[in-house]
Amino acid sequence: MHTLTGNRDQVLQLMDNTIQHLQTNQQASAASIGGETDVLTTLNLGLMEAQAGGGTAAAASLNFADQQNEDWYVPRNQAVAVFQAAMDEYLEQKNAPEAPPQGGGASAASVGEGALSHEEIAANVFYNGESPGSAGAGAMAAAIIEQFSNLDPGWASWVLVKAKAWLTGKHAFTSHQSLTDFRFDMNDEATIAVVGDWGGGNAAAQAVAKQIKQINPDHVIHLGDVYYAGTPKETKERFLQYWPTPTDPGKSFALNSNHEMYGGGYGYFDITLPTFKQPASYFSLSNNHWRLIGLDTGYDEHELHDPQAEWLAAQLADDGKKNILFSHHQPFSAYETEDCSKLLSKMKPFMDSGKIDGWIWGHEHLCVTYQPYMGIKGVCLGNGCFPYNPPTIQPRAPVEWLNNRAQPDDNDFKGVHTFALLTINPDQIEIKYIDQDGFVGHTQTWT
């Protein structure tokens, strides 16, 4: 990821100017999504939502609806995520240099005698400035990027093409034909690594992957989120390139998520699933004692896309097995205010039936284990790579443990990045929460 695409102010400024430029030049008058919604309207609505969200890095500890910090801005907004993905590809095409990270913890990238600022890079690459490798924008940079009329027409055409491609409908959903479809076997004794919100390809993601590879578990499960929009390019370069693949093929599983679907799900359905030999975005992995069920809550955001409920009911048979769910989105949260009602409306009957013993999810960039709540043991495991600070507010649900261990280096964002190792035996599952340094912060036993 280029550091410029993580700078909230620069992203929204460029997005605003690009929309104004396209509207003024009427380059997108015929552009449409599904023949109904104008691309520019979609981008503009996304921009207004992001601008209204505002917030700071500190606020992200209170409400994760707008995930951001000085070095990595990732709002939960499809239009902005698509715009960032287009920015990132264009910066790579132009071989643009990096700027020094703003949040500390990394050295500056230099060009010639010094490092370019974010303003200079933006002016050079997007606003008809000097060549991308030069530091000549200087004091003019801020003035240049205020003028949408100076926008590079090559960039304007690029973002329009990319937005149309990624915002034009969803990939087809793969549904079961039989209630016994998408079932896989695991040994009665097995190890499974679970990681969430890991698809950034950054140093944290690579450090977590290194720890998982050293263990070499039987299976590895990703709870979803490839940044920014799960495009095919991002899927290959930020997810699959660093994935800690088990020794035996066909032992990896990946769940769908909101970021995968921001790009229409094409990277996920066309690349990730075939690579993993996974036939659909939901599955069951079981032995004689335990059943691990992965659900797709991303195709319809924070919802259980039909006909999964029918399939799920068939998996929760009265056969004496314990059932553990995995999803990207959460059924509840101690720290976030996101609406979970659509997912809960379909899942509550299963939760009330007593057939769901545990549920592990991502989405929030935290690692939290819950005391029994709503009839289940719950775990949030979404801190696979995104820089964050652990929250300090009073939780709204009963928390057993919050991973608030600080990173050892001098970094503005202190939270460590975590995965879970499930050691499955006939009578219990031991869960160790292991961070990027190999430190075991917490251990649970589910019986």
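How do the residues of the lining of the second largest pocket divide into nonpolar, polar and charged? Keep that in mind as we walk around this predicted model, where local features need pLDDT of at least 70, side-chain atom pairs count only at pLDDT 80 or more, and totals for chains, interfaces and linings use all residues. Residues are numbered from 1 along each chain as its sequence is written, and side-chain values use heavy atoms, with hydrogens and water left out.

**Stop 1**

Select Met1, Asp88, Glu92, Glu237 and Arg238, which are the closest to the centre of the second largest pocket among its 19 lining residues. A pocket here is an open set of points on a 1 Å grid over the protein atoms alone, where a 1.4 Å probe fits, with protein on both sides within 12 Å along at least five of seven lines; lining residues have an atom within 4 Å of a point. This pocket holds about 300 Å³ of space, a volume being the space filled by probe spheres set on the points.

Now the opening question: the lining has 5 nonpolar, 6 polar and 8 charged residues. Ala, Val, Leu, Ile, Met, Phe, Trp, Tyr, Cys and Pro count as nonpolar, Asp, Glu, Lys and Arg as charged, and the others, Gly among them, as polar.

Next, colour α3 (78-93) and α8, each of which supplies at least two residues of this lining. The largest share, 5 residues, comes from α3. Helices (H or I, at least four residues) and strands (E, at least two) are DSSP runs, numbered from the N terminus.

**Stop 1**

Axes are lines fitted to C-alpha atoms, for helices over the stretch in contact, and angles run from 0 to 180 degrees between N-to-C directions.

Show side chains for Pro232, Thr235, Lys236 and Phe239 in α8, which meet Gly267, Tyr268, Ile271, Thr272 and Phe276 in α10; contact means heavy atoms within 4.5 Å. By class, these are 5 nonpolar, 3 polar and 1 charged.

**Stop 3**

Most residues other than glycine have a negative phi, and most peptide bonds are trans. Select Tyr227 and Tyr228, joined by a cis peptide bond with omega about 5°. Tyr228 sits in the loop between β7 (219-222) and α8. Then try Asn216, in the loop between α7 (203-215) and β7; Asn216 has a positive phi of about 55° although it is not a glycine.

**Stop 2: α1 and α2**

Finish with α1 (residues 8-25) and α2 (residues 39-53), whose axes come within 10 Å and cross at roughly 150°. These helices are therefore roughly antiparallel to each other.

Technical notes
Angles under 35 degrees count as roughly parallel, over 145 as roughly antiparallel, 65 to 115 as roughly perpendicular and the rest as oblique.
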